[in-house]
Every structure is written in C-alpha cells, then in structure tokens.
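I opened this notebook page to record what I looked up in a single protein chain, going from the whole fold down to single residues.

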Amino acid sequence: MKGRVGDLMESKIMIDKMLPEDWEKVREIYLEGIATGNATFQKDAPSWEEWDNNHLSTCRMVARLEDEVLGWVALTPVSNRYVYAGVAEVSVYINQMSKGKRIGSLLLRTLIEESEQNGFWTLQSGIFPENVASLRLHKKYGFREVGRRERIGEMDGAWRDIILLERRSNEVGGNERGL
C-alpha cells in the first residue's frame with residue numbers, strides 16, 4: 001500500500017471502454033457538469049444517439065469503481081476534413097463526489113495513450129477560465145495554453161471566454177522526429 005487513501009482508491013478504479021449501457025450514468029455526470037455553469041455551454045444533455053453520433057467511436061472511456069461510473073472521457077473531431085483526422089477535442093467529466101480523487105488524472109492519462117495508439121497527434125480543449133481544476137489537470141498532462149477566445153459564446157445573458165489548450169503528441173504526427 002502506498003500510504004494514501006487516494007492511492008488505495010486509485011488502485012481499485014478500472015478505466016474501461018464506454019458502453020451504450022453506461023449512457024445513463026455518463027449522462028448524469030454530464031448533467032452535474034452542466035449544472036456547475038463552468039463545464040460547457042450546453043444547457044442539457046443530448047440523447048444517446050445524438051451524443052454517439054457527435055463523438056468518435058474510439059477513445060471513449062469511463063472510470064469504474066465496481067459497478068459505479070465515476071467519470072468519463074471522449075473525443076470529438078474538430079473537422080471532417082481529412083487533414084484534421086488526427087486532431088480531436090477532449091471532453092472529461094468527473095462526478096461531483098469523485099472530484100479531487102485523481103479520477104480525472106487516470107482518465108486523461110489513459111485518453112492520451114489511447115489517442116496516440118489511434119493516430120491522434122493533437123488534442124485540444126476549450127475551458128472556461130473559471131474552471132481552474134480542469135485547466136490545472138490539462139496542464140499537468142502537457143496541454144499548453146495557445147490562446148483565449150474572448151466572448152466566444154453567450155450563456156445566461158453573459159458573454160463567456162474560453163481558454164484554448166492543446167497537446168501535441170511526441171509519438172504521432174511528426175513530433176517524434178522533432179518536427
């Protein structure tokens with residue numbers, strides 16, 4: 001044992017492929033994120049069919065502790081143009097009771113590994129500046145701030161900014177050769 005409760009819990013968590021039957025728990029976690037007002041511009045969770053059609057079929061994972069889904073990650077293509085086939089946007093959501101327990105780290109680290117195995121050379125995220133925990137998590141795993149999109153969207157009568165972050169792979173897409 002590593003001596004910390006978080007380490008013990010982490011050792012029992014399984015990162016697994018997201019299955020259609022996980023949707024209700026995934027949706028609940030998504031709705032928790034929406035309720036914070038700092039996770040997404042979305043106001044409601046879509047149906048499984050809509051969500052499924054908008055996210056890549058690879059690199060969809062959940063964190064499980066026994067039969068409970070604690071969080072999820074998935075990728076959305078940034079464009080349907082061939083030249084951007086290796087670029088995707090990251091979604092990572094953790095249920096409120098599991099925050100601060102390294103679930104996000106486990107999911108994001110696994111997502112990065114899986115994305116490289118599937119040929120992705122750039123991962124990007126647009127994060128509200130107020131979502132400090134998400135910004136910190138992404139930076140911990142090599143995402144760097146590439147800009148701020150000011151007043152990019154309106155939410156509840158207020159214009160919101162997002163911080164644009166990206167992570168370039170050292171394994172895929174030319175960077176492995178120092179390009």
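The entries below follow the order in which I looked things up.

**Entry 1, the model and its fold.** I note at the outset that this is a predicted model. I looked up the secondary structure and found 5 helices and 7 strands in the protein chain, and when I read along the sequence their order came out as α-β-α-α-β-β-β-α-β-α-β-β.

I checked the extent of the C-alpha trace, which spans about 45 × 40 × 35 Å along its principal axes. I then compared the radius of gyration with what a compact globule of 179 residues would have, near 16 Å, and the protein chain agrees because its own value is 16 Å.

Of the contacts with a separation of 6 or more, 63% are between residues 24 or more positions apart. For the accessible surface I have about 10,300 Å², with 47% of that belonging to carbon and sulfur atoms.

I counted 25 positive and 28 negative side chains in the protein chain, and I found the centres of the two sets to lie 6 Å apart.

How many of the residues of helix 4 are buried? I found 11 of its 15, so I describe the helix as mostly covered, given that buried means under 20% relative accessible area. Among the buried residues I listed Ile-103, Leu-106, Leu-107, Leu-108, Leu-111 and Ile-112, and the list also includes Thr-110, Ser-115 and Glu-116. Following helix 4 I came to Gly-119, whose phi is positive, near 85°.

I next looked at Glu-66, which is not a glycine and yet has a positive phi of about 60°. I placed Glu-66 in the loop between strand 2 (61-65) and strand 3 (68-77). Is Glu-66 buried or exposed? Its relative accessible area is 73%, and therefore I recorded Glu-66 as exposed.

I then turned to Arg-151, also not a glycine, where phi is positive at about 50°. Arg-151 has its place in strand 6, residues 144-155. I recorded Arg-151 as exposed because its relative accessibility is 55%, and the cut-off for that class is over 50%.

Definitions and conventions:
Residues numbered from 1 in each chain as written. Predicted model: local features only at pLDDT ≥ 70, side-chain atom pairs only at ≥ 80, totals over all residues. Heavy atoms only, no water. Helix = DSSP H or I, 4+ residues; strand = E, 2+ residues; numbered from the N terminus. Rg over C-alpha atoms; globule rule 2.2 N^0.38 Å. Contact = heavy atoms within 4.5 Å. Areas by Shrake-Rupley, 256 points an atom, 1.4 Å probe, with all protein chains shown as cover. Lys, Arg positive; Asp, Glu negative; His and termini not counted. Charge placed at Lys NZ, Arg CZ, Asp CG, Glu CD. Buried < 20%, exposed > 50% of the residue type's maximum accessible area, 1.4 Å probe, protein only.
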